[in-house]
Amino acid sequence: MLSVLLVTFPFFALVLCGYLAARSGVLPQPAIPGLNAFVLYFALPCMLYRFGASTPIGQLLDPAVAGVYLLCALVMVGGTVALTRNARIGWNDAAFGALVAAFPNTGFMGVPLLVALLGAQSAGPVIVTLVVDMVITSSLCIALSRLDGAGTHGVGVALRNAFRGMATNPMPWSIALGALASALQFSLPGPVEKTVAMLADAASPVALFTIGAVLARSQMNQHEQVLVRDYVPIALAKLLVHPLLVWAVGRTAIALGVPLSPFALTVLVLLAALPSASNVSLLAERFGAHNGRIARIILVSTALAFLSFSGAVALLT
């Protein structure tokens with residue numbers, strides 16, 4: 001367990017550094033979007049491209065990994081909406097609560113953390129799950145969130161907005177380009193490769209620092225009271241129910257003869273054990289959901305994940 005903590009501690013320590021920097025005012029709030037933009041549009045796409053280009057194309061197109069992970073994501077979304085939607089929580093808030101329960105922080109935290117723990121061979125399954133969450137899970141939850149206004153805008157408008165958001169998100173495009181480079185065995189020219197490598201190396205520390213800053217900003221900008229029962233159970237479901245569900249479904253799939261390797265299942269379970277994706281807070285704000293609730297789920301899951309995720313790593317590796 002101590003050896004696991006030695007690997008995971010720096011990752012969570014960088015999140016804490018970003019949180020304290022924003023909370024204390026050392027990092028001004030107006031600077032946070034700039035950090036976020038650097039990670040989203042420059043550093044993280046370069047890192048994903050490198051992983052995609054260096055991963056065999058067969059691993060990037062693994063239907064067993066995608067199928068098991070997608071099934072679990074759909075169960076998490078459906079179960080969370082069914083259990084949380086009530087007179088106080090409409091479709092909009094229930095849908096984004098479901099998204100934050102099913103969408104781990106794969107891009108900002110999962111890619112560098114899993115590669116550090118399990119090696120470069122874990123990048124294939126990680127990238128597959130990232131595509132599933134960005135393309136399917138997020139679109140589904142955004143569409144569900146629009147059911148409150150089905151009489152005015154309708155689900156069709158929500159789907160168009162979701163696809164527009166995917167089209168302008170650089171991460172799927174960087175993954176696709178990396179997969180294409182892998183399939184064609186294409187290598188970038190030396191100076192370009194060096195530039196991409198430098199940006200990719202900056203992705204992990206800046207992304208983790210930015211997560212902390214975004215969490216601090218969300219907490220500082222939300223002053224309304226949120227009932228504990230409206231956010232703590234979802235944070236616990238993300239950290240406990242989601243990985244257990246992935247483990248159970250994965251083991252069942254293997255028993256039924258699905259070609260899912262034990263290593264890939266370990267990667268999927270550890271991804272599911274990650275805290276909630278911080279970008280869901282930005283989506284919730286954009287679509288008018290109760291962002292104070294979403295921010296608290298992300299904050300609680302990130303704080304508790306230092307122990308729960310480290311425990312999961314110790315059990316599985």
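Helices here (H or I, at least four residues) are DSSP runs, numbered from the N terminus. The model is predicted, and for that reason local features need pLDDT of at least 70 and side-chain atom pairs count only at pLDDT 80 or more, while totals for chains, interfaces and linings use all residues. Residues are numbered from 1 along each chain as its sequence is written, and side-chain values use heavy atoms, with hydrogens and water left out.

Helix H4 (63-84) and helix H11 (232-255) each supply at least two residues of the lining of the second largest pocket, a pocket being an open set of points on a 1 Å grid over the protein atoms alone, with protein on both sides within 12 Å along at least five of seven lines, and a lining residue having an atom within 4 Å of a point. This pocket holds about 270 Å³ of space, where a volume is the space filled by probe spheres set on the points. Of its 19 lining residues, Thr80, Leu83, Thr84, Pro233 and Ile234 lie nearest the centre, and H4 gives the most to the lining, with six residues. By class, the lining has eleven nonpolar, four polar and four charged residues; Ala, Val, Leu, Ile, Met, Phe, Trp, Tyr, Cys and Pro count as nonpolar, Asp, Glu, Lys and Arg as charged, and the others, Gly among them, as polar.

H14 provides the largest share, four residues, and the lining as a whole has three nonpolar, three polar and one charged residues.

Elsewhere, helix H7 (residues 123-145) packs with helix H12 (residues 262-272) at an angle of about 50 degrees, their axes 9 Å apart; axes are lines fitted to C-alpha atoms over the stretch in contact, and angles run from 0 to 180 degrees between N-to-C directions. H7 and H12 are therefore oblique to each other, since angles under 35 degrees count as roughly parallel, over 145 as roughly antiparallel, 65 to 115 as roughly perpendicular and the rest as oblique. Pro125, Val126 and Thr129 in H7 meet Ala264, Val267, Leu268 and Leu271 in H12, contact meaning heavy atoms within 4.5 Å. By class, this contact has six nonpolar, one polar and no charged residues.

Definitions and conventions
1 Å grid on protein atoms, 1.4 Å probe; cavity = no way out; pocket = protein on both sides within 12 Å on 5 of 7 lines; lining within 4 Å.
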